[in-house]
Amino acid sequence: LLATSRTLYRDTVYELQGSVIVGPGATLTVQPGTQVEGDPATRGALVVARAGNVLIRGTRIEPIIFTCKG
C-alpha cells in the first residue's frame, strides 16, 4: 500500500510484486520513459484505490511501458 505520494523515475526498471495499491490521498507519479514490470509468480499489478491518484503521461519518444516480467 502506497499511503504517501511517490515518483517512479525513468532511470530504474520497477518490479511489481503482488498488488501494489495507491491508497486514498496518495499520488503515484510516473516519469516519461519509465518501465514497470509485473512479476507473474506473485501476480504483480498496480491498483488505484478510490481517492488514490496517478499521474502517468508518457510521450511518443519516451513512452511509459507496463509489461510482464519474463
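This is a predicted model: local features need pLDDT of at least 70, side-chain atom pairs count only at pLDDT 80 or more; totals for chains, interfaces and linings use all residues.
Visitor: Why is A41 called exposed?

Guide: A41 has a relative accessible area of 73%, and the label exposed applies over 50%, so A41 is classed as exposed. The residue sits in the loop between β5 (35-38) and β6 (45-48), and its C-alpha atom is separated by 8.2 Å from that of Q17, 24 residues apart along the chain.

Visitor: What makes E62 and R10 a salt bridge?

Guide: The closest N and O atoms of E62 and R10 are 3.4 Å apart, and a salt bridge requires a Lys or Arg side-chain nitrogen within 4 Å of a carboxyl oxygen of Asp or Glu, so the pair qualifies. Because E62 lies in the loop between β7 (53-56) and β8 (65-68) and R10 in the loop between β1 (6-8) and β2, the pair ties together parts that are 52 residues apart in sequence.

Visitor: How do you know that E62 is partly exposed?

Guide: The relative accessible area of E62 is 31%, and partly exposed covers what lies between the buried limit of 20% and the exposed limit of 50%, so E62 takes that label. R10, at 41% relative accessibility, therefore counts as partly exposed too.

Visitor: What makes E15 and K69 a salt bridge?

Guide: Their closest N and O atoms are 3.1 Å apart, and the limit is 4 Å, so E15 and K69 meet the criterion. This pair links strand β2, which holds E15, with the segment after β8, which holds K69.

Note on methods. Residues are numbered from 1 along each chain as its sequence is written. Side-chain values use heavy atoms; hydrogens and water are left out. Helices (H or I, at least four residues) and strands (E, at least two) are DSSP runs, numbered from the N terminus. Buried means under 20% relative accessible area, exposed over 50%, partly exposed in between (1.4 Å probe, protein chains only).
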